Amino acid sequence: MNAWVSAALIAAVAVAVVVKRLRGEPLNARELFAAPLILTGIGAWTLWKAEGVGVADAFWVAGGVLLGVSLGAVRGLTIQVFEKEGVLWQRYTGRTFAVMAVSALISFGFGLLAGRMGMHPQARPVQLSIGVGFLGEALVVGARGLMAGVPFAPEARDGRRR
């Protein structure tokens, strides 16, 4: 798949997720973890298939993954988790977007530093970066949901929630 098409599809999915969460949506465990795990898997596969990636690149990737999960976890702390209609819901807040902006700057700086230090360009798949960020967010939001003592929303069937 063309890199531009892939990037456009990833951006579209990310925007759709953000818009849904800005409005507020039922918190379903499967939906919470599916996209982050799929994006992380695609990114890891892309990294595995990349040519010219060495051991030093692996250390930069590990640092980037740790940073991405951490920034996503901080973002997860800003998300409103609440009960509605007897199940958990989530909603992005103004603080969530502030953390997103700061996270983007930090990630950009890390990527710039990694590139200047010689990290191979193919060792930085966008899918991996987005996936681990959303994974960090999902881990925190999921834990907060479990601690709330309210059931997660059921899975959607036929496009509707029960």
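## Largest pocket

The largest pocket has a volume of about 810 Å³. A pocket is found on a 1 Å grid over the protein atoms alone, as an open set of points with protein on both sides within 12 Å along at least five of seven lines. Grid points are joined across faces, edges and corners, and a volume is the space filled by probe spheres set on the points. The model is predicted: local features need pLDDT of at least 70 and side-chain atom pairs count only at pLDDT 80 or more, while totals for chains, interfaces and linings use all residues. Residues are numbered from 1 along each chain as its sequence is written, and side-chain values use heavy atoms, with hydrogens and water left out.

The lining of this pocket, meaning residues with an atom within 4 Å of a point, consists of 30 residues. Ser 103, Ser 107, Val 126, Ser 129 and Ile 130 lie nearest the centre. Two or more lining residues come from each of helix H1 (3-23), helix H3 (55-77), helix H4 (94-116) and helix H5 (126-148); helices are DSSP runs (H or I, at least four residues), numbered from the N terminus. H3 gives the most, with nine residues. By class, the lining has 20 nonpolar, eight polar and two charged residues. Here Ala, Val, Leu, Ile, Met, Phe, Trp, Tyr, Cys and Pro count as nonpolar, Asp, Glu, Lys and Arg as charged, and the others, Gly among them, as polar.

## Packing of H3 and H5

The axes of H3 and H5 come within 7 Å and cross at roughly 40 degrees, which makes H3 oblique to H5. Axes are lines fitted to C-alpha atoms, for helices over the stretch in contact, and angles run from 0 to 180 degrees between N-to-C directions. Angles under 35 degrees count as roughly parallel, over 145 as roughly antiparallel, 65 to 115 as roughly perpendicular and the rest as oblique.

The contact (heavy atoms within 4.5 Å) includes Gly 68, Gly 72 and Gly 76 of H3 and Gly 133 and Gly 136 of H5. Among the other residues in it are Val 61, Val 65 and Arg 75 of H3, and Phe 134, Glu 137 and Arg 144 of H5. By class, the contact has ten nonpolar, five polar and three charged residues.

H2 (29-49) and H1 each supply at least two residues, and H2 gives the most, with five. The lining divides into eight nonpolar, no polar and two charged residues.

Key. On a 1 Å grid over the protein atoms alone, a cavity is a set of points where a 1.4 Å probe fits but cannot get out, and a pocket is an open set with protein on both sides within 12 Å along at least five of seven lines; lining residues have an atom within 4 Å of a point.
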